[in-house]
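I set out to record what could be looked up in this model, entry by entry.

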Amino acid sequence: VEGEGKMTDVDSLLKTTLEGLGVPVERLIFTGTAPIFFTYQFVLGADAAFSDDDSEAEEFLYRVDLYTKGDFFALLRRTKQALKAAGFYGITVDPEIYERDTGYYHVPIEMKYMEV
């Protein structure tokens, strides 16, 4: 499937980048137990950088969700720095949520990656 390798590469880069922060990481659903963890999901892939009606690149949109039982600001800052260093851009942090039933603060983060 055309473009599948690119998406797999970006997916792997994102997971490796997040794991480098020393926090457990899983796609979509975290099945372990930890006071801090990330989940991530692929949101959108779109052709980009058109030339003569042909796409020269593909832009990927991902969402990462940070869950923590305590203060998250230092980890959030490190996360953004690590993502930028790995080539992700357009990083947006959405409003935090406190999940009463689990006791976790939930911080959604969206980012893009361009694959040429």
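**Entry 1**

In soluble globular proteins, nonpolar side chains tend to be buried together.

I then listed the neighbours of M111, leaving out residues up to four places away in sequence: M111 touches L14, F60, L61, Y62, V64, L83, F88, Y89, G90 and I91. Contact here means heavy atoms within 4.5 Å.

**Entry 2: basis of the values**

I note that this is a predicted model, in which local features need pLDDT of at least 70 and side-chain atom pairs count only at pLDDT 80 or more, while totals for chains, interfaces and linings use all residues. Residues are numbered from 1 along each chain as its sequence is written, and side-chain values use heavy atoms, with hydrogens and water left out.

**Entry 3: the chain as a whole**

I counted 2 helices and 6 strands in the protein chain, in the order α-β-β-β-α-β-β-β from the N terminus on. Helices (H or I, at least four residues) and strands (E, at least two) are DSSP runs, numbered from the N terminus. Of the 116 residues in the protein chain, 36% are buried; buried means under 20% relative accessible area, exposed over 50%, and partly exposed in between (1.4 Å probe, protein chains only). Among contacts between residues at least 6 apart in sequence, 56% join residues at least 24 apart. The protein chain exposes about 6900 Å², and carbon and sulfur atoms supply 50% of that area. Accessible areas come from the Shrake-Rupley method with a 1.4 Å probe; for residues, only the protein chains shown count as cover.

**Entry 4: salt bridges**

How many salt bridges does the structure hold? I found 3, with a salt bridge defined as a side-chain nitrogen of Lys or Arg within 4 Å of a carboxyl oxygen of Asp or Glu. Side chains of opposite charge can pair when their charged atoms come close.

D11 and R27 form one of them, at 2.3 Å from N to O. This pair links distant parts of the chain, with D11 in helix α1 and R27 in strand β1 (residues 25-27), 16 residues apart. D11 is buried at 13% relative accessibility, whereas R27 is partly exposed at 38%.

K15 and E19 form another, at 3.8 Å from N to O. Both lie in helix α1, 4 residues apart, about one turn of the helix. K15 is partly exposed at 30% relative accessibility, and E19 is partly exposed at 41%.

R63 forms a salt bridge with D65, and the closest N and O atoms are 3.0 Å apart. R63 is partly exposed at 23% relative accessibility, while D65 is buried at 5%.

**Entry 5: H106 and D65**

Which side chain does the side chain of H106 meet in a polar contact? I found that of D65, at 2.7 Å. A polar contact is a pair of N or O atoms within 3.5 Å; within protein, one must be able to donate a hydrogen and the other to accept it, and residues adjacent in sequence count only if both atoms are side-chain atoms. H106 sits in strand β6 (residues 104-115) and is buried, with a relative accessible area of 7%. Not counting residues up to four places away in sequence, H106 touches R63, D65, L66, Y67, P95, E96, I97 and E99.

D71 lies in the loop between β3 and α2. Is D71 buried or exposed? I recorded D71 as exposed, with a relative accessible area of 66%. The side chain of D71 reaches the backbone nitrogen of F73 at 3.2 Å.

A46 belongs to strand β2 and is partly exposed at 30% relative accessibility. A46 and E59 are 13 residues apart in sequence, with their C-alpha atoms 5.3 Å apart in space.
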